[in-house]
Amino acid sequence: MTLPTLTLQPGQMALGDLRAVWQQAMHVQLAPEAQAGIAASAAAIHAIVQKGDAAYGINTGFGKLARTRIPDEQLETLQRNLILSHSVGTGEPMSDATVRLVMLMKAASLARGHSGVRPVVIDTLLALLNAGISPLIPVKGSVGASGDLAPLSHMTLALMGEGDVFVQGRRVPAADALKHAGIAPLVLAAKEGLALINGTQVSTALALHGLFMAERLLEAGTVIGALCVDAAKGSDAPFDPRIHTARGQPGQIAVAAATRALLAGSQIRLSHLDNDERVQDPYSLRCQPQVMGACRDLISNAARTLLIEANAVTDNPLVFTDTNEVISGGNFHAEPVAFAADTLALAIAEIGAISERRIALLIDSTLSGLPPFLVDNPGLNSGFMIAHVTAAALASENKSHAHPASVDSLPTSANQEDHVSMATFAGRRLDEMARNTATILGIEWLAAAQGVDFHRPLATSPRLARTHAALRERVPFYAQDRLFAPDIEAALQLVLQGEAGAGQQDLCAAIWATP
């Protein structure tokens, strides 16, 4: 199978490039113009070694051991020992999609020409990526400062032909996978091990995974939320553009516009346009632009931060060939990533929270006007009663997960690294949160479709009819109690795959457009 090709322009990756690599394996090639900077940076490190001056991470120990000078003949051993001793990750392996992002961003960072690595280091990284060899990287073990040391060490093990990797879903020894692919194991030279494991690429990859999931959830929540308005015979007046222009929040304006378009042409809405006894709908219906719009703005802000970080040089020390200086700093501290991940957690939790409230509204006949628990012959049938309980349980879990990780810190390395970001956990928990919210949205989709069906022969809008039909292709009307879990799983998978917005791509794109 021929893979699509991405030309890597260090420092110039777009969010679309990152999203593409997250979605599928790609053939990545380095832009030729990056080679000169890489070579000059490597030459600067070679010159330092030849001169014999002490330079952190090049011919010294690491962290608290930075004052220990290492003889030149032991520099390769120093780098190898660094990787072996730092490969202390634990937990489940990261997904192939996340590992692809890690490898892409590490290659992009090193190719900026400030890390002092030889071209062969970047070539080997890209060779594994292009061969579909995914290093086994345990998901736990980094505090998001001094770089994602443990997880990036596990990545580097694979480059050296050590440890295990995944190839087409099978776990195999790295040495065997490299041999089969015709890739020579990497022997690390001065500073190269440190350059590979210093950096925020794992934290950023985990946060990017959460970002891309959050984008799908926001789109799904907007579409399903509009379907819920129609199912509950809600008003479209709260989405009047004048209301939202008067406030001026860009996300709110965008979500309101999308919701108006989704509801346009609904026969259900026309049926209660006049003489409706209800003066105002509950907040979960009429305040969707205010809530979902705020979530959209948080997601957009996080995207800007993470794109900058994906293009950044975040190892240490850095080489500046224009002045022939090697300067130690702290770009490996992942505080920006931690903050971005924490705000994504807030958005993901709130998308689920307001969805759970809409489910509660639909099953309550006094509020929705629909049959109790959305089923005929209630009592004999329990309908959506306990499906809502599942949604409530997951919404509650997300509230705990949404506590900011970035406010925590534990000193490490004998107090040399005395403030850390916890960005890796901040990014890691987003996957579980996103799956929780996707499940809540899936249940709401089932409930809203059920409500719309009860209004027949009145039809929902043409746009929302597509969303209704997409679900009904997988899940039939809930006429009486049946095994419910498969229905929820089917709806969950549709949300995760982005199918809730199927046929609404123009509206979804407009939500994210910069005003």
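Let me start just after helix α5, where Gly 132 takes a positive phi of about 75°. Helices here are DSSP runs of H or I with at least four residues, numbered from the N terminus. This is a predicted model, in which local features need pLDDT of at least 70 and side-chain atom pairs count only at pLDDT 80 or more, while totals for chains, interfaces and linings use all residues. Residues are numbered from 1 along each chain as its sequence is written, and side-chain values use heavy atoms, with hydrogens and water left out.

Back to α5 itself, residues 119–130. The expected span of a helix is 1.5 Å times one less than its number of residues. For the twelve residues of α5 that gives 16 Å, and the end C-alpha atoms are 16 Å apart, which agrees. Its buried residues are Val 121, Ile 122, Thr 124, Leu 125, Leu 126, Leu 128 and Leu 129. Buried means under 20% relative accessible area, exposed means over 50%, and partly exposed is in between, with a 1.4 Å probe and protein chains only.

Next, α17, residues 385–401. This helix has 17 residues and reaches 25 Å from its first C-alpha to its last, close to the 24 Å expected. Which residues of α17 are buried? They are Ala 387, His 388, Ala 391, Leu 394, Ala 395 and Asn 398. These residues lie on the same side of α17, because they cover an arc of only 120° around the axis, the arc being that of the directions from the helix axis to the C-beta atoms. As background, an α-helix has 3.6 residues a turn, so residues three or four places apart point the same way. The cover over the buried residues of α17 includes α15 (335–363), α18 (423–454) and α20 (485–496). On the face turned away from that buried side sit the exposed residues Lys 399 and Ser 400.

Met 385 is also in α17, and counts as partly exposed at 31% relative accessibility. Together with Ile 386 and Val 389, Met 385 makes a nonpolar surface patch of about 240 Å². Patches take residues with over 30% relative accessible area and no salt bridge; nonpolar side chains (Val, Leu, Ile, Met, Phe, Trp, Tyr) are joined within 5 Å, and like charges within 9 Å.

Now salt bridges, meaning a side-chain nitrogen of Lys or Arg within 4 Å of a carboxyl oxygen of Asp or Glu. By this rule the count comes to 16. One of them pairs Arg 269 with Asp 236, the closest N and O atoms being 3.0 Å apart. That pair links distant parts of the chain: Arg 269 is in helix α12 (residues 267–271), and Asp 236 is in the loop between α9 (201–231) and α10 (241–247), 33 residues apart. Arg 269 is buried at 12%, whereas Asp 236 is partly exposed at 32%.

Asp 297 and Arg 296 form another salt bridge, with their closest N and O atoms 2.7 Å apart, and both of these residues are buried. Salt bridges that share partners also join Asp 453, Arg 456 and Arg 472 into one network. Arg 242 bridges to Asp 240 at 2.7 Å, N to O, and Arg 242 is exposed at 65%.

Last, Thr 467, in helix α19 (residues 462–472). Is Thr 467 buried or exposed? At 1% relative accessibility, Thr 467 counts as buried. Leaving aside neighbours within four places in sequence, Thr 467 is in contact with Val 223, Trp 445, Ala 500 and Gln 504, where contact means heavy atoms within 4.5 Å.

How values were computed: Helix = DSSP H or I, 4+ residues; strand = E, 2+ residues; numbered from the N terminus. Areas by Shrake-Rupley, 256 points an atom, 1.4 Å probe, with all protein chains shown as cover.
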